[in-house]
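Here is a brief report on one protein model. It goes from single residues to the whole chain.

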Amino acid sequence: MKNDLWPSLRKSFFAGLVVVVPVAASVGILLGLFNWVTDFLLPRTLQTHRDSFLYRVVALAVFVLLVTAVGWVTRLVVGRRAVALTEKAIARVPLLNRIYGFVKDVSNTMFSGR
């Protein structure tokens with residue numbers, strides 16, 4: 001049982017990356033464009049203290065756990081259906097569908113080893 005746990009977690013993590021990376025990259029690109037356009041309207045006057053080492057360690061741990069959880073759910077039948085429904089919804093958003101499709105193709109190529 002213990003020998004089966006690590007490969008299963010590793011598969012879940014990479015399955016989660018295949019799902020999370022295209023969505024996160026698409027949203028990140030759209031947010032970057034939004035910030036680029038609106039920076040002249042709302043100057044950044046508030047400085048956050050999010051650059052502390054502890055914050056980065058906690059954020060990394062939460063990220064790894066969430067990606068692994070998403071991958072685990074995705075590997076289930078219900079997760080596959082949820083991913084299909086999410087992709088259908090994204091396909092209906094004009095700019096997001098192009099960005100998502102491109103990032104998904106790139107991430108699938110990177111993570112498949114081709």
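Is S12 buried or exposed? S12 is buried, because its relative accessible area is 2%. Buried means under 20% relative accessible area, exposed means over 50%, and partly exposed lies in between (1.4 Å probe, protein chains only).

## Basis

This is a predicted model, in which local features need pLDDT of at least 70 and side-chain atom pairs count only at pLDDT 80 or more, while totals for chains, interfaces and linings use all residues. Residues are numbered from 1 along each chain as its sequence is written, and side-chain values use heavy atoms, with hydrogens and water left out.

## Overall layout

The protein chain has 4 helices and 0 strands. Its pattern along the sequence is α-α-α-α. Helices (H or I, at least four residues) and strands (E, at least two) are DSSP runs, numbered from the N terminus.

Of the 114 residues in the protein chain, 18% are buried. The chain exposes about 9300 Å², and carbon and sulfur atoms supply 70% of that area. Accessible areas come from the Shrake-Rupley method with a 1.4 Å probe; for residues, only the protein chains shown count as cover. Among contacts between residues at least 6 apart in sequence, 81% join residues at least 24 apart. Contact means heavy atoms within 4.5 Å.

S12 sits in helix α1 (residues 2–38). Leaving aside residues up to four places away in sequence, S12 touches V67, T68, G71, W72 and R75.

L30 also lies in helix α1. L30 counts as partly exposed because its relative accessibility is 27%. Not counting residues up to four places away in sequence, L30 touches L95, L96 and I99. L30 and L95 are 65 residues apart in sequence, yet 8.7 Å apart in space, C-alpha to C-alpha.

## Aromatic pair

Rings of Phe, Tyr and Trp (its six-membered ring) pair if their centres lie within 6.5 Å; planes under 30 degrees apart count as stacked, over 60 as edge-to-face and the rest as tilted. The count by this rule is 1 aromatic pair. F13 and F14 form it, edge-to-face, at 5.7 Å centre to centre with 75 degrees between the planes.

## Surface patch

F14 is partly exposed, at 41% relative accessibility.

Helix α4 (residues 94–112) gives the largest share of the patch, 4 residues. M110 is in helix α4. M110 counts as exposed because its relative accessibility is 57%.
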